[in-house]
Amino acid sequence: MTSSDRRFRVGLLGHGTVGSAFAELLPRHAERIELITGLRPELAGVVTRSDGSFEEVLERSDLIVELIGGVEPARDYLLRAMRAGRHVVTANKQLLSRHGEELWETARAEAVQLRFEGAVAGVIPIIRVLQESLAGATVERVHGIVNGTTNFILTEMARMGMTFEQALAEAQRMGYAEADPAEDVDGRDAAAKMAILARLAFDTPVRLDQVRYEGIEHVQPDDLEYAHELGLELKLIGTAERIGDGLSVRVHPAFLYPGHPLATVSGPFNAVTVESEAITEITMSGPGAGGPQTASAVLGDVISAMIPPASTPPTSQVLEILHDVVSAFYLHLEVADQPGVLAQVAQVLASHQVSVKSVVQRGLGDQARLVMVVHPVLESRFQAAIATIGGLDVLRAPPRAIRVLEEEFG
Ligand SMILES: NC(=O)c1ccc[n+]([C@@H]2O[C@H](COP(=O)([O-])OP(=O)(O)OC[C@H]3O[C@@H](n4cnc5c(N)ncnc54)[C@H](OP(=O)(O)O)[C@@H]3O)[C@@H](O)[C@H]2O)c1
């Protein structure tokens, strides 16, 4: 680009759900963007699997937008674009959660911008908030509902009493779940997003393989029914929190009390809560995904990149990643309906220093259900208690346990 040339040329890699929406959005907003930035953006070329040449598009672009997804060739293209001095924008959580440090390091070395708002939580501007608005706050914890598919499924299971399979079929019918929903329902998609959020919130390297995750495939409709009686809502929660000198990053289903800011987030929506002493707590929510929504976040990044200065996050520390953390639990037991069973279970829990907060008991013929919530306890201690309870003769099915977030918000 020369000083007399007021054009800003955007090379687009990928023309699928998000890429095609971006290609439509860019010319519609070109005039307004020119008013803001003094430069008129235009598409310099598109590369797909079957069409276009990366080298040619790179040559005639000022900035590269990567909307291919996956690791390769997206990684190679982004590195080559940055080494050629181009700013880059991506929505690729898979790539950033695996190779983020290499990409950020390259952006810093080449003094170009690498922006990725579309990679986490759809249109919620959480990346910008962590990198810019909260740059002066010490973040203690980030909680997020960062996968819209699973939130929709859990909402339908609770609302309509559907099984997981029925709710998943409904999500696919409504376009909220892919034909292959594995990465969404088993928690991997949310884990990738939490790795990125943790990296930014705590200025420490976090890789996807350091994030422990569980999905929602094993949640039963009656877990939701009983929990409702205890006043709880089930969500797939991603958490990144500072614990002493370490960091825990994890994704699992968790029950929330009604006052929790994430408890009312339903359907395909996402939400992220950031906690810090300085700001107490802020929560942002909005649509979690979708072509036009993500394309809008990508376009926002392109506009930001057109206005210097560049910002790439340095790591300021290396925190140990912790795996055994404290949590409250919901515990669902199918037991023989005979005297002394509750006492037997209570004894096992007590011997592992697990204390019970509330219990619901129901008789069902010669069986009974014991549904309880226990006070916060180290996970390893709770799992040991569950292993012992699972071996009791009076058990009629394997115990089912789901974490409960204990905090009350006023
Ligand atoms: N969909 C969403 O709602 C959403 C939300 C947030 C973030 N994202 C992220 O956005 C990115 C794009 O997602 P999407 O849903 O738009 O994907 P998509 O619909 O599958 O589109 C992928 C595009 O990339 C092209 N492509 C695939 N392999 C390629 C290769 N080797 N070389 C060049 N082009 C290649 C495909 O080309 P062909 O057309 O020739 O097959 C297609 O145009 C992903 O990183 C995803 O995680 C998506």
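A polar contact is a pair of N or O atoms within 3.5 Å; within protein, one atom must be able to donate a hydrogen and the other to accept it, and residues adjacent in sequence count only if both atoms are side-chain atoms. This is a predicted model, in which local features need pLDDT of at least 70, side-chain atom pairs count only at pLDDT 80 or more, and totals for chains, interfaces and linings use all residues. Residues are numbered from 1 along each chain as its sequence is written, and side-chain values use heavy atoms, with hydrogens and water left out.

**The ligand**

| Residue | Atom in the residue | Distance to a ligand oxygen atom |
|---|---|---|
| Gly16 | backbone N or O | 3.2 Å |
| Lys93 | polar side-chain atom | 3.2 Å |
| Gly290 | polar backbone atom | 2.8 Å |

Taken alone, the ligand exposes 900 Å², and the protein buries 75% of that. These areas come from the Shrake-Rupley method with a 1.4 Å probe. The shell around the ligand has 20 residues, each with a heavy atom within 4 Å of the ligand. His15, Thr17, Val18, Arg49 and Gly290 come nearest. By class, the shell has 6 nonpolar, 12 polar and 2 charged residues. Ala, Val, Leu, Ile, Met, Phe, Trp, Tyr, Cys and Pro count as nonpolar, Asp, Glu, Lys and Arg as charged, and the others, Gly among them, as polar. Helix H1 (17-37) and helix H4 (93-110) each supply at least two residues of this shell.

**The chain**

The chain has 13 helices and 16 strands. They are DSSP runs numbered from the N terminus: helices are H or I with at least four residues, strands E with at least two. The radius of gyration is 24 Å, close to the 22 Å of the globule rule for 410 residues, so the chain is as compact as a globular protein of that length. That radius is taken over C-alpha atoms, and the rule is 2.2 Å times the number of residues to the power 0.38. The C-alpha trace spans about 85 × 45 × 35 Å along its principal axes.

**Backbone details**

Most residues other than glycine have a negative phi, and most peptide bonds are trans. A cis peptide bond joins Glu72 and Pro73, with omega about 10°. Pro73 lies in the loop between strand S3 (63-66) and helix H3 (74-83). Ala111 has a positive phi, near 55°. Ala111 sits in the loop between H4 and strand S5 (114-115).
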